[in-house]
Amino acid sequence: MILIKDGTIVTADRMERADVVIEAGRIAAVVPDSRSGDGLDRQAFERRGARIIDARGHWVMPGGIDTHTHLAHPIDRLRVTTADDFHTGTVAAACGGVTAIVDFSLQRRGESMLHARDRRLSEIEPDAIIDYSFHTIVTDVREDVMDEIPILIDDGFPSFKVYMTYGDKIVDDAGLLRLLEVGGSNGGLVYAHCENDCAVTWLIERHLAAGKTGPAFHAPSRPPEVEAEATQRAIMLARLVDAPLCIAHVTSAGAARHVAEARAAGAPVVAETCPQYLVLDDSVYDAEGGFEVAKFVCSPPMRTADHRDALWDALAAGSIQQVSSDHAPFRYHDQKVAGRDDFTRIPNGLPGIETRLPLLFTYGVKTGKISPQRFVELAATNPARIFGLHPCKGTLDVGADADLIVVDPDAEVEIDAAALHSAVDYSPFQGMRAGGFPTWTLSRGEVIVDRGEPVAARGRGRRAERRRITAATLP
């Protein structure tokens, strides 16, 4: 038993002083306003041997849910794998206030998705310290593969990632339409990386032919227009078959506008963005930075400040529903450098699993762009609802898993890669000030970060229970 005493609870719909009681890994009670004298008897809990966490001056919130991470993720074309495995990655997650992740299982061409599922579970189970699930990356839309979709949904894996670009993973429009049709009719959700592959390929070829091979040319090879067009096309295809759709990592005003218009018309479309698109801009691609610019190579790339501002507006307006990290950590010194003479060979991705919540908290809540309740909604409750984890996760309701974080809202540190827990050798946010790192992180009622230090046993994480996803379950 654990009593979290004298904190201020913050959920998606309320903020109030309260005590939280945890028993058998779940929320047993939330008792308001203990400081008025009407709360719980601390001595009675002490007599029962309960651990008591003094949360005075702290906010108590549902643990963050990061539904876009790439741990131990192979990039077959480059023969490279992300730097974090499921141990270092989930330790970093927990230290950043994340209590559950949804990663990816990659179906290779010619492979069964069920085989890919089993391979991925064998990689995750021995290492994860927090609860986990994954989306299946579909690369080969065959009819025998479509027959596996209801099986995966029944098994608790109801989401399917599609790349509309990347030659080794791309699914064409016919395949996307079929996947939307089968997934949507069985309680599944397609989760789309939206960039126009034809345009990206054309732009890359012309940059390279002109000798523009450095990392600064990555961004102009994937301009906002290629994202906006593919986003609109994916939404149109989903509407044809009346299927729910989630748009990954929205970076541009145009893509955000297409999502907002579809939602206003009643379409079951949701979207995410990521902290890098909210706190950085395309100045990171300044050619004067030399090859260090490779640290910021990700797809889609960072945009101009006006696009960044449009994303904050979309978060406040509700047309973007969640913020994920897209944590794809590649070391600079021996992985990113593989593309020194050709930006297309720089592994795409940034580390961010540990800094996602602190950056959203600092540059959202602390600046007044979003409320504390909206912060919880974007970081925990909506991700749980979108991907079938609610009501077990993403809430402090009685009966929910006791996944929560206790945060001092006034504490602030300077982000330093050397102090973070990822196995990558840099942070794209190096030197930025951030608050919101948890003092305590609890997973299923177990303290896994204690006063900022990880204390969890390797492999204690479990498969998260997930439900079918329909238009009615989406926020």
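The structure is a predicted model, in which local features need pLDDT of at least 70 and side-chain atom pairs count only at pLDDT 80 or more, while totals for chains, interfaces and linings use all residues. Residues are numbered from 1 along each chain as its sequence is written, and side-chain values use heavy atoms, with hydrogens and water left out.

## The chain as a whole

The protein chain contains 13 helices and 21 strands, where helices (H or I, at least four residues) and strands (E, at least two) are DSSP runs numbered from the N terminus. Its radius of gyration is 22 Å, close to the 23 Å that the globule rule gives for 475 residues, so the chain is as compact as a globular protein of that length. The radius is taken over C-alpha atoms, and the rule is 2.2 Å times the number of residues to the power 0.38. Along the principal axes, the C-alpha atoms of the chain fill a box of roughly 75 × 50 × 40 Å. Of the 475 residues, 61% count as buried, a word that stands for under 20% relative accessible area, with exposed meaning over 50% and partly exposed lying in between (1.4 Å probe, protein chains only).

## An open parallel sheet

An open sheet is formed by 8 strands in the order β6-β9-β10-β11-β12-β13-β14-β15, and the pairing is parallel; two strands pair if DSSP finds at least two bridges between them. The edge strands are β6 (64-66) and β15 (322-323), each of which pairs on one side only.

How many of the residues of strand β10 are buried? In β10 (residues 131-137), 7 of the 7 residues are buried, so the strand is largely enclosed by the rest of the structure.

On one side, strand β9 (residues 98-106) runs parallel to β10 and is joined to it by 7 bridges, with I101 standing opposite Y132 in β10. The chain passes from β9 through helix α3 (residues 113-124) to β10, and this β-α-β crossover is right-handed, a term for a path from the first strand over the helix to the second that runs clockwise when the strands point away from the viewer. Strand β11 (residues 159-163) is also parallel to β10, and 2 bridges join the pair. In this pairing, I137 stands opposite K161 in β11.

## Pockets and cavities

Grid points are joined across faces, edges and corners, and a volume is the space filled by probe spheres set on the points. In the table, Ala, Val, Leu, Ile, Met, Phe, Trp, Tyr, Cys and Pro count as nonpolar, Asp, Glu, Lys and Arg as charged, and the others, Gly among them, as polar.

| Space | Volume | Lining residues by class |
|---|---|---|
| Largest pocket | about 630 Å³ | 13 nonpolar, 16 polar, 8 charged |
| Second largest pocket | about 350 Å³ | 9 nonpolar, 5 polar, 7 charged |
| Largest cavity | about 100 Å³ | 7 nonpolar, 5 polar, 1 charged |
| Second largest cavity | about 30 Å³ | 2 nonpolar, 3 polar, 3 charged |

The largest pocket holds about 630 Å³ of space, and of the 37 residues that line it, R77, Y166, R222, S299 and N348 are the closest to its centre. Strand β11 and helix α7 (197-209) each supply at least two residues of this lining, and α7 gives the most, with 5 residues.

The second largest pocket has a volume of about 350 Å³, and of its 21 lining residues the closest to the centre are C95, V413, F437, P438 and G452. Strands β17 (412-414), β18 (433-435) and β19 (438-443) each supply at least two residues of this lining, of which the largest share, 3 residues, comes from β17.

The structure also holds 2 cavities of 30 Å³ or more. Of the 13 residues that line the largest cavity, P351, G352, L420, S422 and V424 are the closest to its centre. The second largest cavity is lined by G63, I65, T99, C392, K393, G394, D401 and D403.

Key
1 Å grid on protein atoms, 1.4 Å probe; cavity = no way out; pocket = protein on both sides within 12 Å on 5 of 7 lines; lining within 4 Å.
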